[in-house]
Each structure stands twice: as C-alpha cells, then as structure tokens.
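Trainee: Could you take me through one spot in this model up close, and then work outwards from there? I'd like to know what sits around it.

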Amino acid sequence: MTQKLKTYFPDIRQREELLEQIHGNAALEQIFHGWNPEQQNLFLDCCTGVRGVRMLYDSFFKIIMDPDTVPERMEELLSLLLGQNVRILKVLPQESRIAAEDSLLILDIVVELADGSIANVEVQKIGYAFPGQRAACYSSDLLLRQYKRVKSERKKLFSYRDIRPVYTIVLFEESPREFRSLPDRYLHRSRQVFDTGLEMDLLQKYVFVSLDNFRRLTQNKDIETKLEAWLHFLSRDEPEEIIRLIRTYPEFRPLYEEVYRLCQDTERVMHMFSKELEELDRNTVQYMIDEMQDEIDGMKEAMDGMKDELGKKDAALAEQETALREKDAALQEALQEQKTALQERDAALQEKDAEIQALRRELQALKEQ
C-alpha cells in the first residue's frame with residue numbers, strides 16, 4: 001500500500017532515508033529519542049505513507065485550511081456545513097475569547113464572513129464534558145464580540161438589526177457521551193426556535209459533527225457528496241481510504257501533495273509533531289480530570305439523593321414514633337380509667353356486702369328472740 005501511495009505522491013520518502021537524516025542531525029535525533037517507540041513509529045509511518053497524516057492535527061489543519069492563504073477551502077467546508085454559500089472576509093484574533101483554559105481543542109479558528117456573520121470553527125480530539133453549556137458560552141461570547149464591534153463602528157447610527165448571526169461549529173474526533181444516544185447520526189444543526197412557531201432570528205446557531213460516528217457509518221460505503229468527501233479527508237488516515245477519496249474526488253489530491261511536500265522539511269514537521277504530542281498529553285490529562293470530576297459530581301449527587309431519602313425516612317419514622325407514643329398514652333389513659341372504674345365498683349360491692357352482713361346479723365338476732 002505504501003508503494004501505491006507513492007505512485008500518487010512521489011514526494012513520499014522511504015523510511016531508511018528519513019531515519020538516516022534524523023540520525024545524521026544531533027538536534028533531530030534528540031527530538032526523535034524524546035518520543036516513546038509508539039510515537040516514533042507513528043511519525044515515521046505518517047511521513048513515509050504507511051499511514052496518512054492526520055489532517056486534524058492543529059499544525060497541519062492550519063496550513064492546509066488556512067483562511068488567509070487558501071480561503072476557498074474553508075469557504076467550501078463552511079458552505080456545506082451551514083447549507084449556504086459562504087465567503088470569508090477575514091480571520092479574527094482570539095482577543096475577546098473567554099478566559100484561557102487547558103482545553104481539549106485541537107484547533108480554534110474564528111472568521112468573519114462577507115455578510116458580517118462570525119463563525120467559530122473548533123476541532124476537539126476528545127469531547128468536552130458539558131459540550132452544550134460550553135458551546136452556548138462561547139456562542140454568547142461571539143455575539144457580544146460582534147455587538148461591541150458593530151456598536152463601535154456605527155456609534156449613534158447603531159441598530160440591533162445590524163448584528164449578524166454567529167455560528168459555533170465543532171468537529172469531534174471522539175464524541176461526548178451526549179452524542180452516543182444517536183449513533184446513526186453524525187451531523188447536528190441547531191438554532192433557537194419557539195414552541196408556538198413564532199419566527200424570530202435569535203442569531204445563535206450551532207453545528208456539531210461527530211466524526212467517529214461518520215467514520216463508522218460510512219465504512220465501506222461510497223463517498224456520495226462533497227460534504228462526505230471533506231469529512232472523509234479530515235477524519236480518515238488509512239492509505240486505502242486516501243486513495244479511494246482522490247479517485248472519487250481528484251480535487252483533494254493537491255491537498256495531500258501539499259502535506260507530503262511539507263513532510264520534506266523534517267525539522268519543521270518534527271517540531272509540529274512534538275507540539276501535537278504535548279497538546280494531546282495535556283488534553284488527555286484534562287479530559288481525565290473532567291471525567292473524574294464528572295464522576296465525583298455524580299457520586300456526590302447520588303449521595304445527596306441518598307441523604308434526602310434517608311432524611312425522608314427518618315422523618316417518617318419520627319412521625320410513626322410520635323403516633324405510637326400518642327396511641328400508647330391514649331391506651332394508658334383508657335386503662336387507668338378502666339382501673340379506676342373497677343376500683344369504684346369493687347368498693348361499692350364491698351359496701352353492699354357489709355350491708356348484707358349487717359342485715360343477716362339483725363335477722364339472726366330477731367330469730368333468736
């Protein structure tokens with residue numbers, strides 16, 4: 001398969017040639033030996049065509065999909081994802097982004113479109129916990145950013161109708177758990193709507209792409225649409241899949257050629273690869289922390305529920321104990337009343353018995369006279 005890739009991409013180098021260059025340069029050799037064997041083999045496999053380069057690596061994506069130098073690529077991808085023609089006006093800095101975090105992002109690009117809309121394109125290696133809440137926060141940040149910009153430009157002529165939509169677009173390499181309930185869907189588009197059918201543009205729109213679901217659902221199937229072709233390009237790195245894509249959509253071949261030309265610059269690519277490994281390690285740790293925190297929160301919530309349930313049971317037992325005490329007191333009172341009544345009857349009987357004895361003595365005395 002390596003030879004087949006090389007027939008399409010002559011710039012692919014042989015493994016021996018690449019290793020010879022690395023071992024002949026002390027700086028490159030130091031970087032190479034700083035990786036574990038699995039990482040070393042991954043790097044060599046990607047550069048020699050044993051497997052494809054992962055296009056969602058931050059460094060490669062920003063070069064291949066650079067909105068400044070090749071805007072037509074990002075424009076086409078956004079047009080297909082948003083279902084409308086898109087033209088990128090400019091790339092915006094991340095200056096007003098919500099406070100920096102140890103994120104799980106592979107890349108994060110914000111662009112302004114020709115109609116004034118703003119689109120934020122993110123790729124996540126591992127899906128965030130609470131992706132909905134997070135996306136809503138970043139969407140709100142984009143909207144506020146646009147509001148401040150438009151108001152500053154228009155000054156006294158400012159009108160809210162001048163504010164354009166904001167799009168939050170997230171591609172997940174591995175989807176968060178919320179997406180696993182829909183394993184047969186990979187593209188999710190959303191906008192805010194009313195349950196009455198009232199039509200009003202609330203400006204915040206979302207597109208989530210589950211690339212893991214896409215890979216599974218399109219395995220061994222024809223690439224039927226241009227959107228499928230783009231997602232295939234971004235998410236598949238198997239050599240046979242690369243060949244299948246460029247046979248069906250030859251326009252993707254120059255993008256791969258660009259990648260393999262880039263791989264000729266060994267020092268640059270090794271530094272890019274090291275950066276990706278560092279980000280992956282950091283992101284994996286952060287994901288584990290998020291997962292553990294989520295698990296802790298779940299356990300705490302379960303414990304709080306158990307405490308509430310125990311509290312309810314304690315309250316119920318206390319009520320039952322109070323009721324039993326009241327019944328016991330009532331029973332003791334009834335028994336005391338019965339005892340008192342019996343004592344009174346006994347006293348009355350003793351009095352009558354005394355009277356009877358007295359009468360008997362009087363009768364005996366009369367008989368004796």
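Mentor: Let's start at Arg236, whose side chain makes a polar contact with the side chain of Glu238 at 3.0 Å. A polar contact here is a pair of N or O atoms within 3.5 Å; within protein, one must be able to donate a hydrogen and the other to accept it, and residues adjacent in sequence count only if both atoms are side-chain atoms. Before going on, keep in mind that this is a predicted model, where local features need pLDDT of at least 70 and side-chain atom pairs count only at pLDDT 80 or more, while totals for chains, interfaces and linings use all residues. Residues are numbered from 1 along each chain as its sequence is written, and side-chain values use heavy atoms, with hydrogens and water left out.

Arg236 lies in the loop between helix 9 and helix 10 (239–248); helices (H or I, at least four residues) and strands (E, at least two) are DSSP runs, numbered from the N terminus. With a relative accessible area of 5%, Arg236 is buried. The cut-offs are under 20% for buried, over 50% for exposed and partly exposed in between, using a 1.4 Å probe and protein chains only. Leaving aside neighbours within four places in sequence, Arg236 is in contact (heavy atoms within 4.5 Å) with Arg215, Thr218, Gln219 and Glu241.

Glu241 and Arg236 are both buried. As a general point, side chains of opposite charge can pair when their charged atoms come close.

Now step back into helix 9. It is largely enclosed by the rest of the structure, because 9 of its 10 residues are buried. Among the buried ones are Trp230, His232 and Phe233. Lys226, in helix 9 (residues 226–235), has a side chain that forms a salt bridge with Glu76 (3.0 Å, N to O). That pair links distant parts of the chain, since Glu76 belongs to helix 6 (residues 71–82) and the two are 150 residues apart. Glu76 itself is partly exposed, at 29% relative accessibility.

What about the greasy side of things? The largest nonpolar core has 68 residues, and Phe43, Ile169, Phe233 and Phe252 touch the most other members. Helix 9 gives the most to this core, with 6 residues. A core here is a set of buried Ala, Val, Leu, Ile, Met, Phe, Trp, Tyr and Cys residues joined through side-chain atoms within 4.5 Å. A second, separate core of 10 residues includes Ile118, Leu143, Ile163 and Leu203. In soluble globular proteins, nonpolar side chains tend to be buried together.

Asn220, however, is exposed at 69% relative accessibility. Most residues other than glycine have a negative phi.

Last, charges elsewhere. A search of the whole structure finds 20 salt bridges, and Lys90, Glu112, Arg149 and Glu153 are linked in a network of them. Within it, Arg149 and Glu112 meet at 3.9 Å, N to O. Arg149 is in helix 7 (residues 131–154) and Glu112 in strand 2 (residues 105–113), 37 residues apart. Arg149 is partly exposed at 24% relative accessibility, whereas Glu112 is buried at 6%.

How values were computed: A salt bridge is a side-chain nitrogen of Lys or Arg within 4 Å of a carboxyl oxygen of Asp or Glu.
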